[in-house]
Amino acid sequence: MTDHTFDLVVLGGGSGGYAAALRAAELGKSVALVEKDKVGGTCLHRGCIPTKALLHAAEVAETARDASAIGIRATFDGIDPAGVRAYREGIVAKKFKGLEGLVKARGITVVSGEGRLEAGPSVRVGDDLYRGTDVVLATGSYSRSLPGLEIGGRVLTSEHALELDEVPSRVVILGGGVIGVEFASVWRSFGVEVTIVEALDHLVPNEDIALSKALERAFRRRGIASSLGVRFQGVTQTSDSVTVTLEDGKTFEADYLLVAVGRGPATAGLGFEEAGLTIDRGFVVTDDRLRTGVEHVWAVGDIVPGLQLAHRGFQQGIFVAEEIAGLSPVVIPDSQIPKVTYSHPEVASVGLTEAQAADAHGADGIVAYEYNLAGNGKSEILGTAGIVKVVRVKDGPVIGVHLVGDRVGELITEGQLAVGWEAHPEDIAPFIHAHPTQSEALGEAFLALAGKPLHAL
């Protein structure tokens with residue numbers, strides 16, 4: 001057995017782990033990064049990046065299919081799965097190579113292998129022990145299923161769906177959250193018959209109800225079917241199909257069932273509890289500064305209760321590295337972290353929904369305003385419908401920004417600034433939004449809440 005000593009040992013090389021490693025190295029710390037697969041984790045290799053590449057391919061397919069509507073003569077001959085796969089894998093490979101170069105340039109020691117937390121604090125990889133003055137746990141998440149629902153054959157997770165070498169004819173998607181609606185959007189653009197099964201009453205149920213309803217309308221117009229408010233009961237499969245049964249007896253037949261019911265924290269069998277950490281439903285319990293109950297052991301990313309987003313992992317990794325270095329970074333609450341669902345149309349939000357705001361401040365203590373993208377010139381040019389919804393405290397700051405429409409994910413940073421800086425609409429209204437841009441829709445909402453609407457009555 002060989003002992004290795006570092007200022008910081010990071011277990012897990014995904015978004016949160018490599019962000020912590022990069023920032024700590026930048027601050028002069030010696031860092032070991034333990035990763036059993038590839039640095040970049042799920043987000044780079046099996047999640048955010050490859051799925052967004054698929055979504056862009058889907059957008060191109062839609063553009064080609066609808067080109068005649070804007071006077072362009074083009075033909076859509078179909079999808080080349082091998083070509084789409086090569087495009088997707090090429091993007092991932094470039095990003096991975098760049099990340100490897102960055103990690104190497106920062107002098108970080110990458111340890112390939114499966115790590116296990118031990119007292120010290122330290123991480124064991126095979127016969128070697130990597131001792132750190134501090135240890136950061138960033139082991140990420142896995143695709144969850146439901147009790148009794150076995151993955152395999154024609155029952156897929158998102159990772160399996162990415163690897164399909166065909167465009168199916170019919171697909172049922174179990175789960176109407178972010179992953180489910182993104183794959184539904186891709187497959188529909190590729191010409192697939194899609195049905196989403198969601199046990200709750202709305203798609204993207206964690207979003208403001210106005211966004212959920214707008215997305216449901218848009219999906220209906222696109223021919224994406226939804227079964228809402230009825231639970232899944234079971235699935236049977238043959239060599240060439242699946243049959244999905246709901247609790248009300250309704251059945252759906254398809255080529256595949258995609259299980260998209262969320263992601264669970266990857267913490268089992270890694271020595272966390274044996275090392276003294278408190279685990280709750282698989283998640284690592286921390287304080288608001290991401291310290292676990294064991295001194296000098298920290299946790300970041302999807303294993304910490306809250307939003308499971310790559311950029312939350314980045315932020316937490318940076319935060320912990322700076323906290324260890326004594327820089328006292330500012331805590332960013334989950335409510336100030338932007339969320340984007342990259343479907344067609346996109347859904348983006350930050351802050352409180354109208355319902356959450358009413359619970360926090362009373363229904364009479366808030367004001368919400370919706371601006372329809374039908375009044376926005378650039379949205380009309382792009383051919384997208386949607387809304388901008390802004391929620392403020394009455395005579396107070398903006399506390400929620402909610403958007404639905406193509407490309408609105410690019411606007412959510414302005415919403416984050418407004419919410420994070422507790423800006424009043426009256427503060428923002430004087431600022432100019434370039435014309436014609438979709439950002440003007442946000443400007444119109446701020447103007448209306450400031451009492452001086454321009455392009456709205």
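Predicted model: local features only at pLDDT ≥ 70, side-chain atom pairs only at ≥ 80, totals over all residues.
Val136 is buried, with a relative accessible area of 0%.

**Val136 and its surroundings**

Val136 sits in strand β6, which covers residues 128-137. Which residues touch Val136, once its neighbours within four places in sequence are left aside? The contacts include Leu8, Val9, Val10 and Leu11. Ala20 is in contact with Val136 too. Further along the chain come Trp298, Val300, Val320 and Ile324. One distance shows how the fold brings separate parts of the sequence together. Val136 and Gly317 are 181 residues apart in sequence, yet their C-alpha atoms are 8.5 Å apart in space. Val136 counts as buried because its relative accessible area of 0% falls under the 20% cut-off.

**The cavity and Arg144**

The structure holds one cavity of 30 Å³ or more. The volume of the largest cavity is about 40 Å³. What lines the largest cavity? Ser143, Arg144, Ser158 and Ile179 are part of the lining, together with Val259, Ala260, Val261 and Gly262. By type, the lining residues divide into four nonpolar, three polar and one charged.

Arg144 lies in the loop between β7 (141-143) and β8 (155-156). Is Arg144 buried, exposed or partly exposed? Arg144 is partly exposed, at a relative accessible area of 40%. That class applies because 40% lies between the cut-offs of 20% and 50%. Beyond its neighbours within four places in sequence, Arg144 is in contact with Val259, Val261, Gly262, Arg263 and Gly264. Arg144 and Ala348 give another pair to check on the model: they are 204 residues apart in sequence and 24 Å apart in space, C-alpha to C-alpha.

**Strand pairing**

Strands of a sheet pair through backbone hydrogen bonds, either parallel or antiparallel. Both senses occur below.

Three strands form an open sheet in the order β12-β13-β14, and their pairing is antiparallel. The edge strands are β12 (232-237) and β14 (251-254), each of which pairs on one side only. Neighbouring strands of this sheet are turned by 20° against each other on average, direction ignored. Five bridges link β12 with strand β13 (residues 242-246) in the antiparallel sense. Look at Thr236: its bridge partner in β13 is Thr243.

Strand β9 gives the parallel case. How many bridges join β9 to strand β10? There are five, and the two strands run parallel. Strand β10 spans residues 193-198. Val172 has Thr195 as its bridge partner in β10. Strand β9 (residues 170-174) is largely enclosed by the rest of the structure, because four of its five residues are buried.

**Backbone exceptions**

Most residues other than glycine have a negative phi, and most peptide bonds are trans. The table lists exceptions in this model.

| Site | Feature | Value |
|---|---|---|
| Gly120 and Pro121 | cis peptide bond | omega about -5° |
| His344 to Pro345 | cis peptide bond | omega near 5° |
| Arg281 | positive phi | about 55° |
| His296 | positive phi | about 70° |

Where do these sites fall? Pro121 is in the loop between β4 (115-118) and β5 (122-125). Pro345 is in the loop between β20 (339-341) and β21 (346-351). Arg281 belongs to the loop between β17 (279-280) and β18 (283-284). His296 lies in the loop between β18 and β19 (297-299).

Arg281 and His296 can also be placed by accessibility. Arg281 is exposed, at 66% relative accessibility. His296 is partly exposed, at 37%.

**Ser379 in helix α10**

The last stop is a helix. Ser379 is found in helix α10, which runs over residues 377-382. Is Ser379 buried or exposed? Ser379 is buried, with a relative accessibility of 0%. Apart from its neighbours within four places in sequence, Ser379 is in contact with Leu373, Thr384 and Gln438.

Notes
Residues numbered from 1 in each chain as written. Heavy atoms only, no water. 1 Å grid on protein atoms, 1.4 Å probe; cavity = no way out; pocket = protein on both sides within 12 Å on 5 of 7 lines; lining within 4 Å. Points joined across faces, edges and corners; volume = space filled by probe spheres on them. Nonpolar A, V, L, I, M, F, W, Y, C, P; charged D, E, K, R; others polar. Buried < 20%, exposed > 50% of the residue type's maximum accessible area, 1.4 Å probe, protein only. Contact = heavy atoms within 4.5 Å. Pairing = 2+ DSSP bridges. Axes fitted to C-alpha atoms, helices over the stretch in contact; angles between N-to-C directions.
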